[in-house]
Amino acid sequence: MKLTIYGAAQQVTGSMHLLEVGQFKILIDCGLDYEKDRNIQANENFPFKPEEIDVVILTHAHIDHSGNLPTLVRLGFEGQILCTPPTADLTELLLLDSVNIFMRKADKGRKHRKGKFNTGAQPLYLQKHVMDTVDRFVTIGFDRPFRINGSVELTFIPVGHLLGAAAAVFKVNDDGVEKSIAFTGDIGRKNYPVLDDPQPLPPVDYLVTESTYGGRLHTKDKTVEQALVETIEKACIKEQGRLIIPAFSIGRTQSLVYALNKIFSSGLLPPVKVFVDSPLATRSTEVFRKYHYLVNEEAQEFYQKRGDEFEFENLVYVESLKDSRQVSNYYEPCIIISSAGMLEGGRIQDHLFYNIQNYYCTILFIGYCAKGTLGHRLLRGDSIVHIKDRDLAVYATIKQTDVLSAHGDHDDLVNTVKQQDKAKLKNVFLVHGEVSSMQALADALEVEGYAVTIPEKGISYLL
């Protein structure tokens with residue numbers, strides 16, 4: 001059995017891991033790499049032949065785990081893609097949205113090069129390739145062992161983080177020797193709005209775990225509602241301004257809307273208009289309704305007592321681009337939730353363009369922003385940013401909170417590993433984190449007596 005980390009090696013995005021059992025090749029996740037060259041073509045060159053991959057395991061829908069699957073299919077992969085039912089539905093939405101982003105970038109490139117011979121970068125994949133990818137999905141429920149072939153059995157374990165997100169646990173017969181390995185995907189946190197707590201993993205020989213928040217602890221002194229009330233009260237009630245919250249359309253937006261529902265329905269704040277300006281968020285909310293049996297107990301109880309968690313008075317789901325532009329003309333205090341979370345494309349750019357120089361605007365970041373993104377530049381304090389072909393001075397208030405981060409923090413990651421039997425666990429491989437985060441987590445785990453490896457990209461490890 002051999003493991004090669006081809007993505008999210010000493011960085012956060014681009015998750016892609018190859019597990020080989022004899023001649024059988026299993027690819028775990030196939031995500032877009034946002035930290036490479038910003039050119040979308042940078043994600044096209046695989047370090048293996050796509051047609052030689054036998055099966056793909058998808059841990060969850062987020063683009064840094066799923067976004068390069070259509071490229072894999074386009075370049076020759078013909079096998080099945082195994083995932084949970086919500087992951088299949090949400091991934092389809094996200095991949096189709098990626099096509100729209102690619103097309104906009106390609107059109108923009110052509111306009112910039114009008115009259116020149118070079119036509120610019122072509123889309124990484126098209127809608128046809130997404131539908132070819134969706135046709136390969138085979139869905140498996142949580143905690144149901146699934147035999148991939150005579151030597152490999154797969155079980156999906158719920159890990160929170162996103163609806164349908166799973167750790168992939170493999171039992172392998174490697175030439176008569178029983179071995180086991182788990183890939184955590186992204187680990188959620190306890191008491192997160194809408195989502196269940198991560199479930200403990202069974203004992204394994206090898207563990208490949210994310211390390212996004214290694215060395216960092218989430219804020220524990222405030223609940224999600226308390227942190228939001230504090231910000232809304234200042235931005236929208238006292239200053240009579242507007243609050244813009246960049247949020248990923250799938251997962252983060254639903255948790256945020258539910259938290260706002262609890263705040264306003266319980267009278268913690270006077271009514272404030274809330275605009276959810278993301279067609280993708282609207283469509284993905286329908287998936288959350290479809291798989292309502294998978295939301296956490298608190299959300300289910302809220303539904304029984306007060307109705308739909310994702311609907312309340314003064315909440316408006318904005319559909320058309322015309323309606324989106326009208327939001328800019330709404331001059332009463334309001335909250336605008338829009339995508340994308342790192343500000344790279346999407347309707348959020350329009351709202352920033354019109355509000356970044358507004359002293360009465362607050363921009364609240366509720367998630368991770370990868371290096372090189374507009375979100376990262378704002379968070380590090382850049383006084384001038386480039387939006388829609390213009391350099392704009394930043395007068396809006398920039399704030400950040402981690403109460404809605406869907407990733408477990410340092411303690412959560414350590415505790416995930418500590419659930420494993422030291423006598424059985426031979427090695428922990430750290431992926432999906434910046435080098436400093438990985439090192440901090442590695443140091444903590446080694447103190448606890450675990451063997452830890454921080455893999456280099458493309459290096460193979462015999463298990």
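Below is a short chat about a predicted model, covering its sheet, a surface patch and some salt bridges.

Biologist: Hi! What is the strand order in the open sheet of 6 strands?
Modeller: Hello! This is a predicted model, and in it the order runs β14-β13-β15-β12-β16-β19, with parallel pairing.

Biologist: Which are the edge strands?
Modeller: Those are β14, residues 315-318, and β19, residues 397-400, and each pairs on one side only. From one strand to the next, the twist averages 20°.

Biologist: And which helix packs on the sheet?
Modeller: Helix α10, made of residues 348-355, touches β12, β13, β15 and β16. The direction of α10 makes about 145° with that of β12.

Biologist: Let's look at β12 and β16. How many bridges join them?
Modeller: There are 3 bridges between β12 (residues 242-246) and β16 (residues 361-365), and these strands run parallel. Leu243 stands opposite Thr362 in β16.

Biologist: What about Thr231, is it buried or exposed?
Modeller: Thr231 is buried, because its relative accessible area is 6%, under the 20% cut-off. Thr231 sits in helix α5, residues 224-238.

Biologist: Which residues is Thr231 in contact with, leaving aside neighbours within four places in sequence?
Modeller: Leu243, Leu364 and Lys399.

Biologist: Changing topic: which residues make the nonpolar surface patch?
Modeller: Tyr359, Tyr360 and Tyr395 make that patch, which is about 390 Å². Tyr360 is in the loop between α10 and β16, and Tyr360 counts as exposed because its relative accessibility is 54%.

Biologist: Now salt bridges. How many does the structure hold?
Modeller: It holds 20. One of them links Lys128 and Asp132, with the closest N and O atoms 2.9 Å apart.

Biologist: Why are Lys128 and Asp132 separated by about one helical turn?
Modeller: Because they are 4 residues apart in helix α4, which spans residues 127-134. Lys128 is exposed at 54% relative accessible area, while Asp132 is partly exposed at 26%.

Biologist: What does Glu153 form a salt bridge with?
Modeller: With Arg147, where the closest N and O atoms are 3.5 Å apart. Glu153 is buried, at 18% relative accessible area, whereas Arg147 is partly exposed, at 48%.

Biologist: Which residues are linked in a network of salt bridges?
Modeller: Glu286, Arg289, Asp308 and Glu311 are linked that way. Elsewhere, Asp382 and Arg380 meet in a salt bridge of 2.8 Å, N to O, and Arg380 counts as exposed at 54% relative accessibility.

Technical notes:
Residues numbered from 1 in each chain as written. Predicted model: local features only at pLDDT ≥ 70, side-chain atom pairs only at ≥ 80, totals over all residues. Heavy atoms only, no water. Pairing = 2+ DSSP bridges. Helix = DSSP H or I, 4+ residues; strand = E, 2+ residues; numbered from the N terminus. Axes fitted to C-alpha atoms, helices over the stretch in contact; angles between N-to-C directions. Contact = heavy atoms within 4.5 Å. Patch = residues over 30% accessible without salt bridge, like charges linked within 9 Å, V, L, I, M, F, W, Y side chains within 5 Å. Areas by Shrake-Rupley, 256 points an atom, 1.4 Å probe, with all protein chains shown as cover. Salt bridge = Lys/Arg side-chain N within 4 Å of Asp/Glu carboxyl O. Buried < 20%, exposed > 50% of the residue type's maximum accessible area, 1.4 Å probe, protein only.
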